[in-house]
Amino acid sequence: MGIIANTNGGADALPLHIRAVQSGLTLALILVAVCGNGAAQTSTDAAIRSLQSHLKIYPQDFKSYDALGASYIQKGRETADASYYEMAKESLEKSLDLVSSGPDAASAKTHMAEVAMSEHQFEEALSWSQEALALGSGDPSPWAIVGDALTDIGEYERAEDAYARLRDPLHPGDESNGLAYERNSRMAYLQFLKGDAPGAIQLMRAAIAVSTTLHLPAENIAWSHYQLGEICFKSGDLSGAEQAYRAGLGIDPNSYRNLAGLAEVRTAQEKYPDAIALYKKAIAVVPYPAFAAALYDLDLQVGRADDAQKQLQLLEFISTLNPLNERLFYRELALFYADHNFKLKESVELAKKELEVRHDIYTWDILAWVLFKNGSVEEAADAAKRALALGTKDALLDFHAGMIESQLGRPDRAQSLFEQALALDPHFHLVYAGEAQEKLRQLADSETRTDSASSANARGSNLGGPLE
Amino acid sequence: MKTLAIALFLAVAASGVFGAGEAGSPSPAELRIEGAQKVLQKQPNRYQTYSDLALAFVRRARETGDSSYYEQAGAAIASSLRIAPENFEAQQAQVDLLLAEHNYRQALDEARALNHRMPDAVLVWGYMAEAEAALGDYQQAEDAAQWMMNLRPGNLPAYLTGAELRQDWGDIDGAEEYFSKALQQTPPFETEETAWILTRMGRLLRQSGRPDTAEALLQKALKTFPDYSLSLEEMAALRLDQRLYPQAVELLEKRNGSFPSVSSRLLAARAYAGAGRPADAAKMYAEFEREARAQMGLSDDASLDLINYYVDYAHRPQEALRIVRLRIENRHDVWTLDACAWALYADRRYAEADQQMEKALAIGTRDAVLFYHAGAIEAAVGKKAEASHYLQQSIELNPASEVSETARRAAAQFPARGTWE
């Protein structure tokens, strides 16, 4: 049973929010990382070379073209280099040119769905995975991509239905196979979105146990630990998060997601030099805009404005390296611009572009935030309502919504949201955790003043009695 | 267990995941046709898409009963082959089209050539199995179906092929099990495929004397893919078994409103006759005969209905035998052998009929009409115990079959089984 790499819960689905650290990273280093020079040769590289050689001799072997496509997808996951997805697509198209009907074509179509997911073409991913399912191969794996696409489209109930179908039809009760891993790891994310962090953690732990037993590729196991770490971190469990990220790094020392996750923990612990070092390591593996954004904030936090400026240039450079990157990072860029109060109009455009294809709660959250920053508070409130619709326990969502409510003059609601954010995770954000506390203080002061004024009015009323 | 599987499927299907069967929404085949045509507008030389389009047209023909889609499928295949001669997918689509048109011999020859070229293509094994079973080569069909399962355990076409074969062999429980598994594998958005499987399953259960479950499945099929011609036709067959003739007429008039088939016309004629409308019945029988004769050269299956019609209704056994001879040259499946035996019986050539029936029964098929024919033939050759046995089997298997009353009357002429032994 093929293991379908989960693209949904990666840096996209559970975004790494901006943390502040210092960075000495140069553009040259980034370019080296982007181009892949010096990258370690992995078993994926070996598989790619072997399949390429095989296909030179057997150019009609559709299964090998499919396998080559799958290897490029894996390489894309390992390096976050979007050009691998294009190579995957080319190879998969060749496979489908040879055989595109019947159960034999299901695997290539499923991999096409994965590529579409990786490129944030969610409707296309849905279409490919449904085509794969219609071929009746007996492998329910395409349901994973159906669920992933529906999750990003914001159709959570249908996504859950799709994930529930990830069972071996011959052994539906088997909880130790690859399908159980695919189901549990994805259901964990949905549980988290629904506000059930303990349930999500339980499912993710089950998924990790299966991934280890099945000896899945190191990158997949490391990704699973990262997912667990993210849920723990967002639930305010820094120790659990650290443990998970460390476990991921134990499996794959180059796991950039776990390096960045650990950097988040260090930032929350105010161990800035450690956080900076970890982000640098992560960026050396994969220069994600979110990592550069985090370093930008850290540079500012420690008073290195010049370095921060470099991170800013770097972030924009990576995000616009090619048209695909630009599309992949709409959300990250929009959030970054809004957080730092520049290019605010562009931030709205980016968020709206993202909303054209993605309607999950995090896209609504970012739209709410950029609209708020642009002064469209009523519209922001509508978007924030959608972001909170599932009852997700994510402090940043609460903080954004709290700021909007505060601006709308609804102090009770704002107070409740700020309290909720801090109760969930007192260190949820380098800057905003403190801002939430400050807002609560202001609201309390305002309440005191209002109480005093009310008492005075009451007294005045009482003293003066009815006016007429 | 199998009943549980059906119940489970009905419960899951009832959840309405993916908006299956939404009125006014394009059918799965229409979506595929539209998708392929869009691609071809941009890339007119993409031979692969022509093959996809051909398969979609074949499926659309099944969805609507409109055989003109086969011509469009043929044209798409020709386009594909013009751009890339010998391309595997187009040749595979060609076999799919031949099977849809019931040209089994040619389909088998072409499928075998493809199998030689790509021995691990699951679908090609399925095409071979379907053609071999239709032609009566059950052992080869079984081998091919087993290859399908071995190459890719649990694949949907293998379950469907296996279900049909098990039904032919008389393993009704086994067929039901495979249909259930196929249903569980079919994604809910594949509404026509789901309805098709439900209809096949409904037919299996009706023929094996479980009308209530058959009805539930057929209702579900019609909900999943509204006004589906095959489901309407099967529901009408159920109503005929239930002697609910006016309801059968209503269903068949609806079904025959567009692209009536040879078999749906024959059913309608029976329904009119049962409902006490002899003029309508006569008119429909005439229409059926005309259409079936016109199609005889095009499709093997029209001839089967025609043989039975000439034996049971028109009482022209010589004409039935003439058509049997044409058919049996190519095919030795259970229904051809049964039709041959029945035509010989009608022509009072009882010993020959007995020989043919023996061959038909050797396959193992369990069917009330087949058993009734066997009983009547055995009675005619004086094998009273065997006659009693088969007549009882016919009644027990499906107490409400179209021949059940005749079978009961015939069975009453014989003492209970055992007296003769």
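Let me begin with B:Glu405, which at 43% relative accessibility counts as partly exposed, and let me say at once that everything I describe comes from a predicted model. The partner of this residue is B:Arg243, and the two form a salt bridge in which the closest N and O atoms are 3.3 Å apart. B:Arg243 sits in the loop between α13 (229-241) and α14 (245-255) of chain B, while B:Glu405 belongs to helix α23 (residues 404-412) of that chain, so the pair ties together parts that are 162 residues apart in sequence. B:Arg243 is itself partly exposed, with a relative accessible area of 24%.

Moving on to a second pair, B:Arg277 forms a salt bridge with B:Glu253, and here the closest N and O atoms are 3.7 Å apart. As for accessibility, B:Arg277 is partly exposed at 31%, and B:Glu253 is partly exposed at 40%.

Distant parts of the chain are linked here, with B:Lys383 in the loop between α21 (368-380) and α22 (384-397) of chain B and B:Asp354 in helix α20 (residues 350-362) of chain B, 29 residues apart. Is each of these two buried or exposed, or something in between? B:Lys383 has 33% relative accessibility and counts as partly exposed, whereas B:Asp354, at 10%, counts as buried because that value falls under the 20% cut-off.

Beyond these pairs, there is also a network of salt bridges, in which B:Arg59, B:Arg62, B:Glu192 and B:Glu193 are linked. Over all chains, the count of salt bridges comes to 56.

I would like to finish with a residue from another part of the picture, B:Thr49, which lies in helix α3 (residues 47-64) of chain B. B:Thr49 is buried, with a relative accessible area of 5%. Which residues does B:Thr49 contact, once its neighbours within four places in sequence are left aside? They are B:Ala36, B:Val39 and B:Leu40.

Notes. Residues numbered from 1 in each chain as written. Chains lettered and ligands numbered in written order. Predicted model: local features only at pLDDT ≥ 70, side-chain atom pairs only at ≥ 80, totals over all residues. Heavy atoms only, no water. Helix = DSSP H or I, 4+ residues; strand = E, 2+ residues; numbered from the N terminus. Buried < 20%, exposed > 50% of the residue type's maximum accessible area, 1.4 Å probe, protein only. Contact = heavy atoms within 4.5 Å. Salt bridge = Lys/Arg side-chain N within 4 Å of Asp/Glu carboxyl O.
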